[in-house]
Amino acid sequence: RWFNGEWVDPEKPDLFFKARLTDFVEKWRKQYEWDLFLPLSENDSHYIESLHIPSTPNNAKEFDEQLLALVKITIDSLNEKKLAEGCTSLKKEAKSIDKLDCFLKSKGYNRSEMIQFLRNVQKLRSTTVAHRRSHNENSKLKEYFNFEAKDFKSIFEDIVIKMIWVFNTLENLLI
């Protein structure tokens with residue numbers, strides 16, 4: 001491939017995620033004429049560029065950094081204003097995932113498994129990198145992400161793959 005100058009689709013989950021994100025964002029914008037994920041600021045643009053699967057299995061620091069990057073790129077970047085338009089049932093304190101859920105329901109879709117996954121990723125970020133870790137970490141999150149059987153690298157790889165599933169699901173439903 002290299003000698004012939006042939007382009008190849010990425011196979012690693014992190015590289016495939018980046019390619020899939022770009023493709024999804026373009027298709028969404030064409031369909032709805034607004035961005036589902038707001039573009040990162042210049043000061044945050046490094047998160048997408050440096051996103052990668054952790055290089056070692058049990059590096060908590062690298063896992064935290066990559067989890068923070070993934071959440072900033074996706075969940076924290078959801079276009080809350082546009083998602084909330086037409087959602088009269090939203091409570092004032094509704095957050096981005098609540099607004100995405102309402103938007104999906106307004107289109108006739110109930111994707112509770114996808115919404116639960118996003119909520120769990122957000123909670124994982126909140127209980128690890130966003131705040132001090134407690135000695136009494138959330139056992140439901142540990143069970144959901146299978147912390148007992150997997151290392152940080154495998155868990156993050158699974159999260160990235162499931163985030164690609166989110167893009168695919170949204171695209172299949174709404175675009």
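Q: Which residues lie nearest the centre of the largest pocket?
A: This is a predicted model, in which local features need pLDDT of at least 70, side-chain atom pairs count only at pLDDT 80 or more, and totals for chains, interfaces and linings use all residues. Residues are numbered from 1 along each chain as its sequence is written, and side-chain values use heavy atoms, with hydrogens and water left out. A pocket is an open set of points, on a 1 Å grid over the protein atoms alone, with protein on both sides within 12 Å along at least five of seven lines; lining residues have an atom within 4 Å of a point. The largest pocket has 13 lining residues, and those nearest its centre are L21, V25, L38, P39 and L40.

Q: How much space lies in the largest pocket?
A: A volume here is the space filled by probe spheres set on the grid points, which are joined across faces, edges and corners. For the largest pocket, that space is about 220 Å³.

Q: Which helix gives the largest share of the lining of the largest pocket?
A: The lining divides into 8 nonpolar, 2 polar and 3 charged residues. (Nonpolar covers Ala, Val, Leu, Ile, Met, Phe, Trp, Tyr, Cys and Pro; charged covers Asp, Glu, Lys and Arg; the others, Gly among them, are polar.) Helices are DSSP runs of H or I with at least four residues, and strands are runs of E with at least two, numbered from the N terminus. The largest share, 5 residues, comes from residues 13-32, which form helix 1.

Q: How many helices and strands are in the chain?
A: Read along the sequence, the pattern is α-α-α-α-α-α-α-α. The count is 8 helices and 0 strands.

Q: Which helix gives the most to the lining of the largest cavity?
A: A cavity is a set of grid points where a 1.4 Å probe fits but cannot get out. The structure holds 1 cavity of 30 Å³ or more, and the largest cavity has about 60 Å³ of space. Its lining is F37, T74, I75, L78, L100, L118, M163, V166 and L170, divided into 8 nonpolar, 1 polar and no charged. With 3 residues, the most comes from residues 152-174, helix 8.

Q: Which residues does L118 touch, not counting residues up to four places away in sequence?
A: Contact means heavy atoms within 4.5 Å. L118 also lines the largest cavity. Its partners are I75, I97, L100, M163 and V166.

Q: How many of the residues of helix 5 are buried?
A: The buried residues of helix 5 are S96, I97, K99, L100, D101, C102, F103 and L104. What covers them includes helix 1, helix 4 (80-84), helix 6 and helix 8. Helix 5 is mostly covered, with a buried count of 8 of its 11 residues.

Q: Why does C102 count as buried?
A: C102 sits in helix 5. Beyond its neighbours within four places in sequence, C102 is in contact with C87, S89 and L90. C102 counts as buried because its relative accessibility is 11%.

Q: How far apart in space are F117 and I159, C-alpha to C-alpha?
A: F117 lies in helix 6 and counts as buried at 1% relative accessibility. Leaving aside neighbours within four places in sequence, F117 is in contact with Y144, F145, I159, K162, M163 and V166. F117 and I159 are 42 residues apart in sequence, and their C-alpha separation is 8.9 Å.

Q: Which residues is T169 in contact with, leaving aside its neighbours within four places in sequence?
A: T169 is in helix 8. T169 is buried, with a relative accessible area of 12%. Its contacts are R111 and M114.

Technical notes
Buried < 20%, exposed > 50% of the residue type's maximum accessible area, 1.4 Å probe, protein only.
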